[in-house]
Amino acid sequence: MIAVVGHPDLTAPTLEILEEELRRRLAEFARAGKSGLVRAGQGLPVTFGRAARAAGLALVTVLPSMNGVPEVLESRDRTAAGELLLLSEQVRLLEYDPSDRGACVGADESLLRSCARLLAVWDGSPSNGQDATAHLVAFARSSGIDVEVLWPDGADRMAPVQQKS
């Protein structure tokens, strides 16, 4: 199984670049009978899902649950989750609170344990209070998971939102 993680603030043009790049890379995994794994959310997860579908790779989408019942995702992720469900061949429920950053990171770590390969869309920056990409790359590497870092030419992240004083 192959998973993807990456920055949550990738620009729309970056996601377009990545969709084609991911489609090409995922085609070889599809031919080998592998499947892709993604935790439901907007941005990179949907881009990965679209690329997996275009490449013929079976997609597994993970939804949060509480006591075996799917949890309501934050409003920004609901439409993306719906699209991922339509693209998926399988849906898994995983116990975690989608509004708790630490629980989401723990969920990602749990998912990575079931994967042989990780595609990380990462510019090399350290993790911070909003972005755990560097942490997940380090976790995967320390767990013996094959990690491939993708940061194509022209990739960019959104400018940080300035707090009003």
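# Chatting through helices and salt bridges

Me: Which way do α4 and α5 lie to each other?
Reply: α4 and α5 are roughly parallel to each other. Angles under 35 degrees count as roughly parallel, over 145 as roughly antiparallel, 65 to 115 as roughly perpendicular and the rest as oblique.

Me: Ok, and at what angle do the axes of those two cross?
Reply: Roughly 30 degrees, and the axes of α4 (residues 101-112) and α5 (residues 133-142) come within 10 Å. The axes are lines fitted to C-alpha atoms, for helices over the stretch in contact, with angles from 0 to 180 degrees between N-to-C directions. The labels count from the N terminus: helices (H or I, at least four residues) and strands (E, at least two) are DSSP runs.

Me: What kind of model am I looking at?
Reply: A predicted one, where local features need pLDDT of at least 70, side-chain atom pairs count only at pLDDT 80 or more, and totals for chains, interfaces and linings use all residues. Residues are numbered from 1 along each chain as its sequence is written, and side-chain values use heavy atoms, with hydrogens and water left out.

Me: Back to helices. How do the axes of α1 and α2 cross?
Reply: They cross at roughly 45 degrees and come within 8 Å. That angle makes α1 oblique to α2.

Me: And what about α2 and α3?
Reply: Their axes come within 10 Å, with a crossing of roughly 20 degrees. So α2 and α3 are roughly parallel to each other.

Me: Changing topic: how many salt bridges are there?
Reply: The count is 13, taking a salt bridge as a side-chain nitrogen of Lys or Arg within 4 Å of a carboxyl oxygen of Asp or Glu.

Me: Why would such side chains pair up at all?
Reply: Side chains of opposite charge can pair when their charged atoms come close.

Me: Give me one to look up. What does E20 pair with?
Reply: With R24, and their closest N and O atoms are 3.4 Å apart.

Me: Is E20 buried, exposed or partly exposed, and which one is R24?
Reply: E20 is partly exposed, at 35% relative accessible area, and R24 is partly exposed too, at 46%. Buried means under 20% relative accessible area, exposed over 50%, and partly exposed in between (1.4 Å probe, protein chains only).

Me: What does E83 form a salt bridge with?
Reply: R50, at 2.6 Å from N to O. This pair links distant parts of the chain, since E83 is in helix α3 and R50 in helix α2 (residues 44-55), 33 residues apart. On the accessibility side, E83 is partly exposed at 25%, and R50 is partly exposed at 35%.

Me: Which residue meets E148?
Reply: R117 does, in a salt bridge of 2.5 Å, N to O. E148 lies in strand β7 (residues 146-150) and R117 in strand β6 (residues 117-121), so the pair ties together parts 31 residues apart in sequence. With 18% relative accessibility, E148 counts as buried.

Me: Which residues are linked in a network of salt bridges?
Reply: The network holds E20, E21, R23, R24, R25, R117, D146 and E148.

Me: How far is E74 from V60?
Reply: In space they are 20 Å apart, C-alpha to C-alpha, and in sequence 14 residues.

Me: Last one: where does L85 lie?
Reply: L85 is in helix α3, which covers residues 75-87. L85 is partly exposed, at 35% relative accessible area. From L44, L85 is 41 residues away in sequence and 15 Å away in space, C-alpha to C-alpha.
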